[in-house]
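Here is a short tour of one protein model. Keep the structure open while reading.

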Amino acid sequence: MSQEKSASSSQDPLPIHRLHQSLINRIAAGEIIHRPASALKELLENCLDARATSIKITVKDGGMKLLQIQDNGCGIRVGLTYRFLAERFTTSKISSFSDLSRISTYGFRGEALASISHVAHLSVVTKTRPDAHAWKACYLDGVLVPSKPGQTPDPKPCAGIDGTIITIEDMFYNTPVRLSALRSPSEEYAKILDVVTKYAVHNPAISFLCKKAGSSSPEISTSQVSDISQAIQSLYGYAVAKELLRVDVTSEHSKDGIDHPEKWSAEAYCTNANYQAKKMVFPLFINHRLVESNPLRRAIESVYGGFLPKGTFPFVYLSIEMDPRSVDVNVHPTKREVLFLNEEVIVERISDAIQQNVVGQSQSKAFEYQTLLPGVSANSSLMKGKMKARENESESEDENENGGVPTESAPLGELESYPITVDSFLSVQKSLSQHKVRTSIQDRTLESMLPLNDPSRSDDSSGRAVRLRDIKESQCNLTSIAELRQSVVKNVHHDLTEIIRNHIFVGFVDSIRCLSLIQHSTKLYLVNHATLAEEMFYQLALIQFGNYRRLRLDPHPPLRTLVELAVNVERGTEQSGLEKTEIVDRIAQTLVDRREMLSEYFALDISESGDVLALPHLLKEYTPDLNKLPTFLMRLGPQVDWRSERECFESFMRELAYFYSPASGVWSGDATGQGKSAAWQTEHILFHALRKFLIAPKSLLDNDVVQVANLPDLYRVFERC
């Protein structure tokens with residue numbers, strides 16, 4: 001009988017009773033405050049509603065130990081407001097249900113601070129502009145509590161600046177299940193940074209700062225800018241910003257009255273087909289509120305699916321503004337989702353507009369190159385004195401002479417070879433096709449594959465590299481020269497020097513800009529041979545300081561006539577406030593007055609009457625372009641610092657190197673005798689001299705040496721095809 005009674009009682013309906021208010025509030029708080037990032041989103045929106053122009057966020061342990069947000073907004077008025085500030089459904093944004101249809105603020109329900117106070121310790125410090133000081137209050141479970149034991153719960157005056165500081169401590173201390181369900185502090189902090197980043201992009205006129213507690217350097221720090229694209233570049237990087245497209249879309253009612261309920265406009269910044277990421281970044285704002293929209297996301301992903309490889313995604317920032325009467329913001333506890341009229345039409349028009357812009361920018365695809373030397377680590381095995389055996393030992397005699405890389409301990413101009421051990425030969429294995437390297441400089445070049453403009457021009461096999469003589473370092477006891485030589489050795493880039501030492505000339509790309517292709521190992525590099533030559537001639541001038549050969553001029557040209565030729569074609573001389581004749585006289589007089597020093601140190605001989613007798617000859621096998629002589633002499637006046645010994649020597653040798661470097665556009669493959677001579681001299685003398693003498697500095701990696709192809713990578717591309 002007892003078992004039957006218990007069975008019947010278990011089937012009876014349970015009684016309905018009213019939940020305790022504290023339990024109701026805690027359940028509601030759990031719906032609104034999912035994690036520290038959701039609490040921060042609510043507080044950020046309060047700051048924006050307060051018209052703040054500066055917002056600072058401090059985080060500790062992913063926001064679980066501490067989450068503090070400070071703004072310089074209008075503050076909170078002290079009075080009765082403080083007593084129910086953290087109670088549910090207390091707000092200054094609406095007063096009736098009809099206000100929801102025209103809501104223009106972020107918050108409206110008055111649940112954010114109440115929910116936070118039920119799952120954490122909450123304190124508020126605020127000051128309005130008329131107040132003489134700030135006020136501080138602490139809240140727990142929606143009511144005022146004393147900040148310290150024994151004190152009253154009333155707000156206390158304290159020091160502070162205009163605005164509000166809200167501090168949240170020990171989040172989810174009373175809900176251990178929710179606390180244990182959160183991810184690691186680093187992941188929670190990443191979600192906080194994501195929220196701050198999106199709001200900072202959408203509000204470029206407001207400065208945001210977010211950092212960890214105790215850290216001196218913030219993870220996010222933005223200044224007030226006026227352009228969203230600048231904010232995207234600052235927060236998401238140049239890789240995203242340089243591929244951005246701006247898309248503006250408006251409704252068909254854009255010409256109608258302002259109060260038309262179906263009027264809307266959208267502004268988007270999306271990347272073109274050159275950008276691709278493993279995860280889609282999609283900040284979406286509707287009426288300035290950060291929300292999510294699965295239909296919009298799917299439509300945009302579908303658009304880019306036809307342009308990007310599978311598994312890659314774009315960056316899209318989208319802001320939609322529409323009449324508040326067309327939006328229902330009260331459909332989600334955290335206001336993460338909204339409903340709006342004509343959703344399908346709006347999604348279709350925005351996706352079509354993005355597709356048209358991306359298609360218009362996708363006729364060609366840009367490929368990035370690396371300015372560093374890929375595949376060559378800083379701790380290269382070459383720098384340890386080891387060297388892998390070459391797969392083909394048929395290198396020319398000149399390459400074998402110049403295969404070493406200068407070390408910092410070696411004098412300028414001397415090279416040190418690396419030993420080849422027996423182990424290196426034993427390590428040679430059969431190589432695949434994509435790792436085989438052309439090693440002979442006599443192999444066919446790019447020039448031989450181009451059609452001839454002149455039938456008399458032919459690729460004769462006699463165009464072999466000229467054998468260059470060794471250049472010894474001159475003896476000089478001047479401290480300034482010793483320091484300049486040491487600075488060259490100090491700034492050497494060993495890997496780049498090794499590439500230049502052992503490169504193979506492929507061909508000229510653009511004679512106007514002095515661009516050429518060279519090959520090293522399985523990689524192809526685009527180089528500015530004029531810049532490389534200028535650096536090499538500076539080093540040759542430094543090596544031979546005080547002991548130059550002389551290039552005699554016969555007949556002797558007048559110095560003043562040469563300078564006058566250059567000054568007459570020089571632009572901007574009127575800015576000096578001098579007549580051209582005065583400029584010519586000053587430059588000529590400066591050089592004549594210093595002719596003894598110029599002759600002793602630089603082998604630049606000038607007679608008393610002002611004739612140029614001889615020029616310094618840096619490389620016996622190479623003749624500089626004498627068309628540049630007037631410009632060289634003119635630049636010696638204003639460009640050389642004659643007041644200081646070291647600066648004088650360095651600036652003079654820099655100008656001398658510029659004079660010796662190939663001039664852009666002096667030949668353009670026109671098959672004339674001068675053009676053929678300049679091209680031959682550049683290929684067979686200049687590039688050979690670069691192999692033998694250049695100690696490549698790190699600065700060449702900025703713009704003058706870039707990798708454009710790698711044979712193994714090309715094989716992978718062909719395999720995919």
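This is a predicted model: local features need pLDDT of at least 70, side-chain atom pairs count only at pLDDT 80 or more; totals for chains, interfaces and linings use all residues.

The crossing of α19 and α20 is right-handed. Helix α19 covers residues 629-639, and α20 covers 645-660. The two pack at an angle of about 160 degrees, with 10 Å between their axes. Angles over 145 degrees count as roughly antiparallel, so α19 is roughly antiparallel to α20.

Which residues make this contact? From α19 come Leu629, Phe632, Arg635, Leu636 and Gln639. They meet Ser651, Phe652, Glu655, Leu656, Tyr658 and Phe659 of α20. Sorted by class, the contact of α19 with α20 holds 7 nonpolar, 2 polar and 2 charged residues.

**What α19 buries**

Several residues of α19 are buried: Leu629, Pro630, Phe632, Leu633, Met634, Leu636 and Gly637. What do they pack against? Their partners are α16 (559-569), α17 (580-593), the strand β22 (612-617) and α20. Leu629, Phe632 and Leu636 are among the buried residues of α19, and these three also take part in the contact with α20.

**The pair α16 and α17**

Two of those partners, α16 and α17, also pack against each other, at about 135 degrees and with axes 9 Å apart. That angle makes α16 oblique to α17. Their crossing is right-handed. On the α16 side, the contact is made by Leu559, Arg560, Val563, Glu564, Val567 and Asn568. On the α17 side stand Lys580, Thr581, Ile583, Val584, Asp585, Ile587, Ala588, Leu591 and Val592. By class, the contact of α16 with α17 has 9 nonpolar, 2 polar and 4 charged residues.

**The pair α9 and α10**

Now move to helix α9 (residues 294-305) and helix α10 (residues 343-360). They pack at an angle of about 25 degrees, and their axes are 9 Å apart. Angles under 35 degrees count as roughly parallel, so α9 is roughly parallel to α10. The crossing of α9 with α10 is right-handed. Pro295, Leu296, Ala299, Ile300, Val303 and Tyr304 of α9 make the contact. Glu343, Val347, Ile350, Ser351, Ile354, Gln355 and Val358 of α10 face them. The contact of α9 with α10 divides into 10 nonpolar, 2 polar and 1 charged.

Here are the helix pairs in one view.

| Pair | Angle | Axis distance |
|---|---|---|
| α9 and α10 | about 25 degrees | 9 Å |
| α16 and α17 | about 135 degrees | 9 Å |
| α19 and α20 | about 160 degrees | 10 Å |

**A glycine in a loop**

Gly63 sits in the loop between β1 (54-60) and β2 (66-71). Is Gly63 buried or exposed? Its relative accessibility is 1%. Buried means under 20%, so Gly63 counts as buried. Leaving out residues up to four places away in sequence, Gly63 touches Pro36, Met171 and Ile192. Arg35 is 28 residues from Gly63 in sequence, and their C-alpha atoms are 8.6 Å apart.

**The whole chain**

The protein chain has 721 residues, and 46% of them count as buried. Its secondary structure comes to 22 helices and 23 strands. What share of the contacts with a separation of 6 or more joins residues 24 or more positions apart? The share is 73%. The chain exposes about 38300 Å², and carbon and sulfur atoms supply 50% of that area.

Methods. Residues are numbered from 1 along each chain as its sequence is written. Side-chain values use heavy atoms; hydrogens and water are left out. Axes are lines fitted to C-alpha atoms, for helices over the stretch in contact, and angles run from 0 to 180 degrees between N-to-C directions. Helices (H or I, at least four residues) and strands (E, at least two) are DSSP runs, numbered from the N terminus. Angles under 35 degrees count as roughly parallel, over 145 as roughly antiparallel, 65 to 115 as roughly perpendicular and the rest as oblique. A crossing is left-handed if the near helix is turned anticlockwise from the far one by less than a right angle, and right-handed if clockwise. Contact means heavy atoms within 4.5 Å. Ala, Val, Leu, Ile, Met, Phe, Trp, Tyr, Cys and Pro count as nonpolar, Asp, Glu, Lys and Arg as charged, and the others, Gly among them, as polar. Buried means under 20% relative accessible area, exposed over 50%, partly exposed in between (1.4 Å probe, protein chains only). Accessible areas come from the Shrake-Rupley method with a 1.4 Å probe; for residues, only the protein chains shown count as cover.
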